[in-house]
Amino acid sequence: MSKNVVIIGTQWGDEGKGKVVDLITDKVSSVVRFQGGHNAGHTLVIDGKKTVLHLIPSGILRDNVECLIGHGVVLSMSALIKELGELDTAGVDAVSRLKISPGCPLIMPYHVALDNAREAKRGKSAIGTTGNGIGPAYEDKVARRGLRVGDLLDLESFAEKLVEVMEYHNFALSNYYGAEALDYDTVLAEALEQAKTVIPMITDVTEKIHQHIANNENILFEGAQGALLDIDQGTYPFVTSSNTTSGGAVTGSGVGVTDIDYVVGIVKAYTTRVGGGPFPTELVYDVETDKGDSIGKVLGTIGREFGATTGRQRRCGWLDMVTLNRSFNLNAVTGICLTKLDVLDTLDTIKICTAYELNGKQITTPPYDAQGYADAEPVYIEMPGWQTSTIGTDSFDSLPQQAQDYIHKIEELSNLPVDILSTGPDRDETLILKHPFDE
Ligand code: GDP
Ligand code: IMO
Ligand code: MG
């Protein structure tokens, strides 16, 4: 029997999704991105060689895997062309295996300008977006005024629609934000040039997926960001503008709810967040001044927690079961993939947050809004560390007892199995206890 498996991040992104997608695509015919855009940064390390993907699905380094970009993804043609160029330089022929849905909203230069103008206006309360125009592009989609990849198939009408949409956004840019308006001719000329690369890849991705299902082929759906950045369920307004939860795989690709057989929830063995917003278990440390929490420093340094897209320092903290348990339910997670366990190798004590204290009460479900999170005080249990290297462990039994106990504790607190364990960035540094595509 074939299977459809969804991989999603259960925290605030950067859990190691790219690595795991690449690893388990040994058993699939296609990988589908279904939401987000080039705000994602998915790192793959194969035999020490690092590749960072933003928009192109993380199956691209496996020769026979078809890579599909579903209509839920917002597509920047310039980002796509840049990434294709990088892959080409590395000797990877992506063009022949990449298919793009005509339904993808296009991210245009004015979206980037709006994203940056809004962030600047927000000042201290900025969201800390990637500045890639993601939010404004999704807004245009929902407002039913956006240009889509399919519009490139009729360039005359594309040029006409662009007049209207640019008039609208230029008005806001210059009159409301005091920013510079964009020049129509320049934007059009650039888009027409870029369209030459994109047009040959336009395919009815939904139909492709249905055919793969009819042919009994395995499909992997690759999530971007993490559940706590979900537009509806995340720490609003410090979120991204798409549904990052597993339901997004359905709406953003064109399969039905019951087509999904298995959801892998990727969990980093601690927590990170990049950008603004609440983070109850944060251990504040600032790399520039080298001031702050010493464990925050260890996690960030050993874990190399710098953004794969923006290079920003990622904030680090302890594992948080309050948000995780919500996340497991939101995504209907079947099994956990625990990553970066090795980053905890040197610690003598490890904490897990099991509840929040809010307004004098202990709660085990997350607060409703960002302010609630900001006011929540984490309640921890403590576990002894193992202080031995776990890098590249090849069997569960050979892990130090304390590491096994940490993993079992996560299983106990979540009532879910840890099916995959990652103890290093390389594809090989992974222990698959149960392969999601196996019966
Ligand atoms: P993604 O956005 O979820 O794909 O994750 P990122 O690629 O942005 O960030 C994860 C980072 O951790 C990357 O630099 C990976 O190479 C690295 N990584 C992934 N798994 C492991 C692991 O088990 N141990 C260590 N030390 N690094 C890992
Ligand atoms: P991957 O797929 C971590 C964060 C940004 C910001 C917020 C909104 O690599 O896990 P946006 O540009 O999307 O409007 O920014 O979301 N963010 C991510 N954080 N990993 C990501 O992707 C992210 N994509 C967006 O930092 O806080
Ligand atoms: Mg990332």
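Helices (H or I, at least four residues) and strands (E, at least two) are DSSP runs, numbered from the N terminus. With those labels we can find our way around. This is a predicted model, in which local features need pLDDT of at least 70, side-chain atom pairs count only at pLDDT 80 or more, and totals for chains, interfaces and linings use all residues. Residues are numbered from 1 along each chain as its sequence is written, chains are lettered from A and ligands numbered from 1 in the order in which they are written, and side-chain values use heavy atoms, with hydrogens and water left out.

Start at Ala308. This residue sits in the loop between helix H9 (294–302) and strand E14 (315–317). Is Ala308 buried or exposed, or partly exposed? Ala308 counts as partly exposed because its relative accessibility is 23%.

An unreviewed UniProt entry lists Ala308, Thr309, Thr310, Gly311, Arg312, Gln313 and Arg314 under "binding site". Among these residues, Ala308 and Arg314 are included in the lining of the second largest pocket. UniProt positions are given in the numbering used here, feature names are shortened, and annotations may be inferred rather than shown by experiment. The pocket needs a definition too. On a 1 Å grid over the protein atoms alone, a pocket is an open set of points with protein on both sides within 12 Å along at least five of seven lines; a cavity is a set of points where a 1.4 Å probe fits but cannot get out; lining residues have an atom within 4 Å of a point.

Asp14 lies in the loop between strand E1 (4–9) and helix H1 (17–24).

Next come the ligands. How many residues surround ligand 1? There are 19, and the closest are Lys17, Gly41, Thr43, Asp342 and Ser422. A residue is near a molecule or strand if one of its heavy atoms lies within 4 Å of it. Look at the polar contacts, which are pairs of N or O atoms within 3.5 Å; within protein, one must be able to donate a hydrogen and the other to accept it, and residues adjacent in sequence count only if both atoms are side-chain atoms. Backbone N or O atoms meet oxygen atoms of ligand 1 at 2.8 Å for Gly16, at 2.7 Å for Lys17 and at 3.5 Å for Thr423. On its own, ligand 1 has 580 Å² of accessible area, and the protein covers 92% of it. Such areas come from the Shrake-Rupley method with a 1.4 Å probe; for residues, only the protein chains shown count as cover.

Ligand 2 has 20 residues around it, and the closest are Lys17, His42, Thr130, Gln225 and Thr240. The shell divides into seven nonpolar, 10 polar and three charged residues. Here Ala, Val, Leu, Ile, Met, Phe, Trp, Tyr, Cys and Pro count as nonpolar, Asp, Glu, Lys and Arg as charged, and the others, Gly among them, as polar. The side chain of Thr130 has an N or O atom 2.6 Å from an oxygen atom of ligand 2. For Asn39, a polar side-chain atom lies 2.9 Å from a ligand 2 oxygen. Gly128 uses a backbone N or O atom, at 3.3 Å from an oxygen of ligand 2. The protein covers 98% of the 540 Å² of accessible area that ligand 2 has on its own.

Finish with the loops. Ile231 is in the loop between strand E9 (219–222) and helix H8 (247–251). Its C-alpha atom is 5.4 Å from that of Ser242, 11 residues apart along the chain. Pro237 is also placed in the loop between E9 and H8. The peptide bond from Tyr236 to Pro237 is cis, with omega near 5 degrees.

Asp47 lies in the loop between strand E3 (42–46) and strand E4 (49–53). Its phi is near 50 degrees, a positive value in a residue other than glycine. Asp47 counts as exposed because its relative accessible area is 66%.

Terms used: Buried < 20%, exposed > 50% of the residue type's maximum accessible area, 1.4 Å probe, protein only.
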